[in-house]
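This note sets out comments on the model shown below, for a colleague who will read it beside the coordinates.

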Amino acid sequence: MGRVTERRKVIRIRDGAVSTRPDTLVAEEPLEIRLNGKPLAITMRTPGDDFALAAGFLVSEGVLAAASDLRNIVYCAGATADGSNTYNVVDVSTAPGVALPDITLERNVYTTSSCGLCGKASLDAVRTTTRHPIADTPPLRVTPELLAQLPDRLRAAQRVFDRTGGLHAAALFDEHGELLDVREDVGRHNAVDKLVGRALQSGSLPLSRTVLMVSGRASFELAQKAVMAGIPVLAAVSAPSSLAVDLAAETGMTLVGFLRGSSMNVYAGEERIALRAAAVRA
């Protein structure tokens, strides 16, 4: 199976001094996701948690919503011309009765490690297809002080990033700020899929009492994945996109960006942030 990291020779230049040394790089390999034997998507990912990645992807696609929807996930044998297994193709089998998407050549998609299924869904489509509406969850309240602690807790849990400096991360925290799970991947959307897929496999969906913290920006697709998993709060260390803000407002999700130290911007769902009355009036 592919490794999470690989070693490559690098020429290092520091203050005019030249030397050679091995460097640790994050691995990036393609993963083909098949649904009941039919090709559905290819994503560039960091090997590891491939079954969770596939399951989480199908949650965001509206195919899976609970562990009972999933029959099994297997690696496909004979993925190369000589019959050897690359462990880069997985087949997801759904339980009887699970509605399937229309898989056509036009529907078959390629997702990159940076953007995923860009432009695939409209705001209305996400709102109407999710089976875990955020508006139906019990009220969740978090303080700015709690949110301010999450980036450091996420960073402390990034074991592979410490070795490579080349990975995105996503983490789930409970409403008290306790770390529930963290995943790393060369693609930020893959890291979220791995989190959501693990939650589906353990029967934990919807994630209605959690905060999703991501290491980069908050794109529309990350907001989409959070909504499809029933996550009420999405926080990012960088900026959100305009469409992510629109989606958060449309679905009732709380969206926090530029979360750095004690500073942050709340773009939607401010009712979940326990602000002091004086601060609100100011």
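The points below go from the whole chain to particular elements.

1. Basis of the comments. The model is predicted, and local features need pLDDT of at least 70, side-chain atom pairs count only at pLDDT 80 or more, and totals for chains, interfaces and linings use all residues. Residues are numbered from 1 along each chain as its sequence is written, and side-chain values use heavy atoms, with hydrogens and water left out.

2. Overall content. The protein has eight helices and 13 strands; helices (H or I, at least four residues) and strands (E, at least two) are DSSP runs, numbered from the N terminus. Of its 282 residues, 50% are buried, where buried means under 20% relative accessible area, exposed over 50% and partly exposed in between (1.4 Å probe, protein chains only). Among contacts (heavy atoms within 4.5 Å) with a separation of 6 or more, 53% join residues 24 or more positions apart.

3. Strand β10. Five of the five residues of β10 (residues 210-214) are buried, so the strand is largely enclosed by the rest of the structure. In a regular strand the side chains alternate between the two faces of the sheet. Here Thr-210, Leu-212 and Val-214 lie on one side and Val-211 and Met-213 on the other, all of them buried.

4. Partners of β10. Two strands pair if DSSP finds at least two bridges between them. Strand β8 (residues 168-174) runs antiparallel to β10 and is joined to it by five bridges; Asp-174 stands opposite Thr-210. Strand β11 (residues 233-236) runs parallel to β10, with four bridges, and Leu-234 of β11 is the bridge partner of Leu-212.

5. Helix α6. The buried residues include Glu-221 and Lys-225. After the helix comes Gly-230, with a positive phi near 75°.

6. Packing of α6 on α7. Helix α6 (residues 220-228) meets helix α7 (residues 242-251) at an angle of about 20°, with the axes 8 Å apart. Axes are lines fitted to C-alpha atoms, for helices over the stretch in contact, and angles run from 0 to 180 degrees between N-to-C directions. That makes α6 roughly parallel to α7 (angles under 35 degrees count as roughly parallel, over 145 as roughly antiparallel, 65 to 115 as roughly perpendicular and the rest as oblique). Phe-220, Ala-223, Gln-224 and Val-227 of α6 make the contact with Leu-243, Ala-244, Leu-247 and Thr-251 of α7. By class, six of the residues are nonpolar, two polar and none charged; Ala, Val, Leu, Ile, Met, Phe, Trp, Tyr, Cys and Pro count as nonpolar, Asp, Glu, Lys and Arg as charged, and the others, Gly among them, as polar.

7. Packing of α5 on α6. Helix α5 (residues 188-201) packs with α6 at about 5°, the axes being 10 Å apart, and the two are therefore roughly parallel to each other. Arg-188, His-189, Val-192 and Asp-193 of α5 contact Glu-221, Leu-222 and Lys-225 of α6. This contact has two nonpolar, one polar and four charged residues.

8. Asp-49. This residue lies in the loop between β4 (38-45) and α1 (50-60), and Asp-49 is partly exposed, at a relative accessible area of 31%. Leaving aside residues up to four places away in sequence, Asp-49 touches Arg-183, Lys-194 and Arg-198. From Asp-49 to Gly-197 the separation is 148 residues in sequence and 8.9 Å in space, C-alpha to C-alpha.
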